[in-house]
Amino acid sequence: MIVNPVLNSSPSSKFLPLRIGIFSFLILIMLSIGCARNNTNQSQQTYQQFKNPPPSYLPTVYWFWNGPIENDQIKWQLEEMKRSNTVGSVCILAWEGLAMEYLSDEWFDKVKYACQIAGELGLDIWLYDEIRWPSGHAGGKVLESNPKLTATCLSQTEQRITGDQKFSIPINSESVAIIAGQQKNNIIDKSSLIDVTSYFDGEEFSWEVPEGEWAIFIYSIEHCTFKPTFLDQEYVDLLNAHVAQKFINLTHEEYYKRMPEYFGSVIKAIITDEPGCYCNLKAFMINPETVAWTPSFFEAFQSRKNYDLKKCLPALWHDIGGKTATIRIDYYDVIADLLQESYFKPLHNWCENHNIKLNIQPAHEETMKYATLMQGDYFKAMEYSHLPGCDDVYSWDKNRITPKLAASAARSIGKQDVYCEVFGAYGWDVTLQKMKAVTDWLFSRGVNRLL
């Protein structure tokens, strides 16, 4: 027999839904009171952390080693930094005036001693992977081992010639391509472009020019004239994977070989600072009107973009019609790929394998123009950064996109912390009030850690 539970219930059961409702309401009140208490406790805890941040939230400071370095000096300075309660991590930076040889046995002994004292005090150590900047040359030791790893760029010279005649010209430079094309209405006709490199015998170019008005473009290798700060030697070719491997062997591996016990415990990170392609920096007259290059670039481009760049080289300097933008975008995309694969990725992987993190500070992030020229794609350069970084070193320019750009990169690769190197060259007259204003400006744009 089926019984209707409502019709056969007792009178008191009619009020059961009401009782359940009141009971649920009381539970919600108690939960709300508990959540309010938890929120109050959490707010108080957050307030106390802002008032007295734990060491992990304190700034990382650069520690310039720019003179004679003695153990008692190392110990005293680290103790002072700890006593100040304003320093969480210390980044050892070799600089101009360093009395000992960089990357010598003495250098590593001093760094190891600093790690020992820092560990005893509860301070973290970061390593700066270079003497001065930019990173990648190991104080000149990379090129000392192999001069062929010098940075190069590609230049263009142009000859105008009326056709239906034989044209000859001696060429003394290291030429990689010679392209001919006809110009119409100030635009190089893409369909007319001809690869005439085969008419160059190594000393002289000689070609029977067809009828019409022709431009002959000669593309030659130049050594980049840029020299790292305070170093009387040219920079390295970071698009060449052999550079990063040599750099790691001379620098990172030596640190680990001599002090493995501190990696992951005291040594927490390595900074690589403003590596890139230093050419066509017109403001500094560094190889103007050139583009970054490496010996394997044609092959690298072909494998990624499935067409021959050689015949399209004029597009990097001239308008050749509808495909100009596409060719330039493809070129800088390949630059970004090579820099990422040859330099940033090996450093990132080495750090992961040795239980520390990599902080990348890209080159010239103040403007997208130079960021593109020097690394192809800012976001690809940042992709292998465990701790994304930027800098606002020299002065406060509220129009700069630097901090927001770094924060955008961090969000795009799923990173929480954004470091900014700041105040390093603001001058001795910078006030606490200005420092507060600058840091507020940085924090409002996504920076949350200071260097």
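Trainee: Which helix do E79 and K75 lie in, and how many residues apart are they?
Mentor: Both lie in helix 2, four residues apart, about one turn of the helix. Keep in mind that this is a predicted model.

Trainee: What do the side chains of E79 and K75 meet in?
Mentor: They meet in a salt bridge, at 2.5 Å from N to O. Side chains of opposite charge can pair when their charged atoms come close.

Trainee: How many salt bridges does the structure hold?
Mentor: It holds 20. One of them joins the side chains of K227 and D232, at 2.9 Å from N to O.

Trainee: And is D232 buried or exposed?
Mentor: D232 counts as exposed, because its relative accessibility is 68% and the cut-off for exposed is over 50%. K227 is at 40%, so K227 counts as partly exposed.

Trainee: Which residue does E254 form a salt bridge with?
Mentor: With R258, and the closest N and O atoms are 3.0 Å apart. E254 and R258 both lie in helix 6, which covers residues 252–258. They are four residues apart, about one turn of the helix.

Trainee: Why does E254 count as buried?
Mentor: Because its relative accessibility is 18%, and buried means under 20%.

Trainee: Which residues do salt bridges with shared partners join into one network?
Mentor: R304, K305, D330, D333, D337, E341 and K380.

Trainee: Staying with charge, which residues gather in a patch of negative charge on the surface?
Mentor: E70, D72, E106 and D109. E70 sits in the loop between strand 1 (60–65) and helix 2 (71–84). With 44% relative accessibility, E70 counts as partly exposed.

Trainee: How many bridges join strand 14 to strand 15?
Mentor: Four, and the two strands run parallel. Strand 15 covers residues 419–422. D392 stands opposite V422 in strand 15.

Trainee: What about the backbone? Which peptide bond is cis, with omega near -5 degrees?
Mentor: The one from W133 to P134. P134 lies in the loop between strand 3 (124–131) and helix 4 (141–145). Most residues other than glycine have a negative phi, and most peptide bonds are trans.

Trainee: Which phi does R132 have, then?
Mentor: A positive phi of about 60 degrees, although R132 is not a glycine. R132 is placed in the loop between strand 3 and helix 4. R132 is buried, with a relative accessible area of 8%.

Trainee: And what phi does H364 have?
Mentor: H364 has a positive phi of about 45 degrees, and H364 is not a glycine either. H364 is found in the loop between strand 13 (357–361) and helix 9 (368–375).

Terms used
Residues numbered from 1 in each chain as written. Predicted model: local features only at pLDDT ≥ 70, side-chain atom pairs only at ≥ 80, totals over all residues. Heavy atoms only, no water. Patch = residues over 30% accessible without salt bridge, like charges linked within 9 Å, V, L, I, M, F, W, Y side chains within 5 Å. Areas by Shrake-Rupley, 256 points an atom, 1.4 Å probe, with all protein chains shown as cover. Salt bridge = Lys/Arg side-chain N within 4 Å of Asp/Glu carboxyl O. Lys, Arg positive; Asp, Glu negative; His and termini not counted. Charge placed at Lys NZ, Arg CZ, Asp CG, Glu CD. Buried < 20%, exposed > 50% of the residue type's maximum accessible area, 1.4 Å probe, protein only. Pairing = 2+ DSSP bridges.
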